[in-house]
Amino acid sequence: MGLRYYNFGGGRLGFSGLGEVQIVKFFSAFGFYIGKVLFSYPLENYIAEFQPSMTFFTGSMILLTGFVLLCSVTRRRQPLVCLHLLFFLLTLAPACYVAVSTVSMTPLAERYLYLPSYALCYFLG
């Protein structure tokens with residue numbers, strides 16, 4: 001998606017030059033998606049605008065810290081737990097990037113959660 005954004009004249013490629021607003025928006029989107037994975041009701045097909053909130057930002061920071069601690073504790077004894085948590089985080093990162101950039105008309109969409117939901121379901125099962 002970054003290459004597509006760059007190709008259509010979006011400027012620099014990647015996360016270089018991000019300000020505080022984009023970082024807060026990235027982690028707010030991460031918190032929003034975590035909330036949607038855990039509590040998916042009400043379903044929304046189209047989310048046109050996204051206003052970053054400190055609730056999502058703080059919640060995502062707490063959960064991200066918990067994921068890192070859980071992964072570091074269970075890395076040796078249960079490597080599959082760490083693998084699925086990392087898979088969840090890595091597949092959620094591009095969806096959060098879409099919320100920051102202008103790549104898509106919908107900055108947030110539940111369709112971006114298909115692959116991360118698989119990792120979370122596999123982890124819980």
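Helices (H or I, at least four residues) are taken here as DSSP runs and numbered from the N terminus. The structure is a predicted model, in which local features need pLDDT of at least 70 and side-chain atom pairs count only at pLDDT 80 or more, while totals for chains, interfaces and linings use all residues. Residues are numbered from 1 along each chain as its sequence is written, and side-chain values use heavy atoms, with hydrogens and water left out.

The pLDDT, which is the predictor's confidence in each residue on a scale from 0 to 100, averages 80 over the protein chain, and 86% of the residues score at least 70. Among the elements of the chain, the lowest mean pLDDT (50) belongs to helix H1 (residues 2–7), and the highest (88) to helix H3 (residues 54–74).

Leu 92 is in contact (heavy atoms within 4.5 Å) with Phe 30, Tyr 33, Ile 34, Leu 113 and Pro 116, residues up to four places away in sequence not being counted.

Leu 115 lies in helix H5 and counts as partly exposed because its relative accessibility is 48%, the class between 20% and 50%.

Key:
Helices (H or I, at least four residues) and strands (E, at least two) are DSSP runs, numbered from the N terminus. Buried means under 20% relative accessible area, exposed over 50%, partly exposed in between (1.4 Å probe, protein chains only).
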